[in-house]
Amino acid sequence: MAEEVIEIIAKKEEEALEKAYRDFQAQIDKEFAKGDIELDLIKEKKGFLGLFGRKKVYQATLKMVQFAGHNEEEVDSEPGEFKVKIKDEGIFLEVKQPTGAGEMIKMEMVDQVLQEKEIEDISYEKVSEALILDGEEVKIAPRKPELDRDAKVEIELTPDLMKAILNYYPPLGGEVLSITDILQKLEEKSVVAGIQKEKLREVFDPEERLEDFVIAVGKGPIPGEDGVIEFKFNLDQKKNKVVELNDGSVDFYNLNRIINVKQGEVIANKIPAVEGEPGRKVTGEKIPPAPVEKVELPQGENVEVSQDGLTLTAEIDGQVIEKNGTINILKVYTVEGDVDLTTGNINFNGNVVINGNVRDNMEVKAEGNIQVNGSVYSAKLEAEGQIIVQQGFIGRNKGLLKAEGDILVEFIENGIIEGGGNLAVKNAIMHSQIDVEEKIVVIEKKGLIVGGEVRAAQEIKANIIGSDLDTSTKIRVGVNPELRDEFKNKEQLYFEKKEKLDEVIKSISVLKKKKRSSKLSEEKEKLFKQLTRAKYTVATDFEELSAEREELSKRLDQEKEGVIKVTNTIYPGVVITLGTSTLRVNKAKSNIKYYLDDGEIKTTNLV
């Protein structure tokens, strides 16, 4: 069993198998099928920060059976052989008789060869005589010099110039060609690389026809390796969800979201790209390897690149964040007391810790997290990370907590909440305007939601919703109308870009066909180059748009799974909306779950 092994870079296994099949065809002159190829995934490469897709490295192994010898029975049995020899004194036939159970030489076998050689005036009586002799030359026809012809060589190149195919026709009394002559013919055909000289010597007989012999094989390029950034931490750590414990309570504190580093600590290492090796066509023309993706260390604020450009280290103690494709270390701003007129408003490019309260009308903005160890009154807090308020948020209908991440708070009264993650409230949400993009959980202590309007994209869970006073309370699970509009716009742009990309590809295909059959005019050659450049630009835009559309589609689909769970009681006066369906609660119910089924709100008991 012989094996050939190559490495293939592809996004999917099907693509890797197709590439391996093409590459092996260029290298192997024996017949084989795709089923003879085995693929093993040996490496998986991520795009930078996981944003540009993944590439995989496969090892492709081609296994082919080789017949190195004969079994015992075959060694004892050899088929018969014969040769037609052209000499000045005539045409002679020499037959070697078979041994054991080997096949005998038959008249039709000899006749076929004589017809191919266009020999005339054959004495079939003499042919019959030769057939019963062993190793003796018998004259079977006179020599006719006028029928002589020289040996002939035909050399054909495959369209991709990766193989040269040889057909050799032996002479009929004419000039014989040697291996040296054949090599000269190859040179005349500009075949200069990958010539199978040893294989030719093994099979070549100047008196025997040689058909479809692969005389030269090009060498495919050896792919290189993309550069890689290896991080010493997990950037997705900041996405860790609020953990609901077995007893139904929520772990507000042990979220392990903040990535802290010390000065001099290694943050990331760069593994440089390795250029591939060019291949070569049988005509000697080089085949460049596919370009490799080079990477640079994502240096941001408060990080340092080593002199060799291979290591990223922290310049200060702090928190690691990714921002606009760079790695930054943020410092922490600490307020020992209250945020009030004595401190002024705070706008900081890191994390903010406030050990007191945030007083009325004050503003705190942070590019990281905000943690308030006291209470927040009618103030405005905005964070690109999460907001934690250890005590209450008394908004007086104008205070705002706005975060791209989660918001964790003891209780909310007459407040406004805008969150890109979850909202976890220990005690109660009272008469407030709440809008978050994931879940709302209010199940500790009172676990109450009463009054106001509360919306989450995925789920709302509380002990009590509404009150026995029929307090108007609006509860909604589903996406924002703005998100629906954004999806519609992305959907329209997606199909416009797809149509444009299809048109460009079609135009390139038409010009390629013309280019193969005839030389393009200067104007069309210029158009071809413009279209080729445009293709990559449009394809990149289309890929980005497709990813955005897919993400929005997933978010829209989430509302189909949206639920409202009430572990204790939901009272009349509560209006429930799931997706686009609305239900008014007319009587108190307990231990109940609301969900959508075919666009209709249905209920079931909580398990």
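Is glutamate 137 buried, partly exposed or exposed? At 36% relative accessibility, glutamate 137 is partly exposed, a class lying between buried (under 20% relative accessible area) and exposed (over 50%), with a 1.4 Å probe and protein chains only.

This is a predicted model, in which local features need pLDDT of at least 70, side-chain atom pairs count only at pLDDT 80 or more, and totals for chains, interfaces and linings use all residues. Residues are numbered from 1 along each chain as its sequence is written, and side-chain values use heavy atoms, with hydrogens and water left out.

The average pLDDT (the predictor's confidence in each residue, from 0 to 100) of the chain is 84, and 89% of the residues score at least 70. Over residues 67-75 pLDDT stays under 50, and the model has 1 contact there beyond four places in sequence, a contact being heavy atoms within 4.5 Å.

The structure holds 21 salt bridges, each defined by a side-chain nitrogen of Lys or Arg within 4 Å of a carboxyl oxygen of Asp or Glu. Three of them are listed below.

| Salt bridge | Closest N to O distance |
|---|---|
| Glutamate 137 and lysine 87 | 2.7 Å |
| Lysine 402 and glutamate 418 | 3.9 Å |

Glutamate 137 and lysine 87 pair at 2.7 Å. Glutamate 137 belongs to strand S6 (residues 137-141) and lysine 87 to strand S4 (residues 81-87), so their pairing ties together parts 50 residues apart in sequence; strands are DSSP runs (E, at least two residues), numbered from the N terminus. Lysine 87 is partly exposed, at 27%.

Methods. Helix = DSSP H or I, 4+ residues; strand = E, 2+ residues; numbered from the N terminus.
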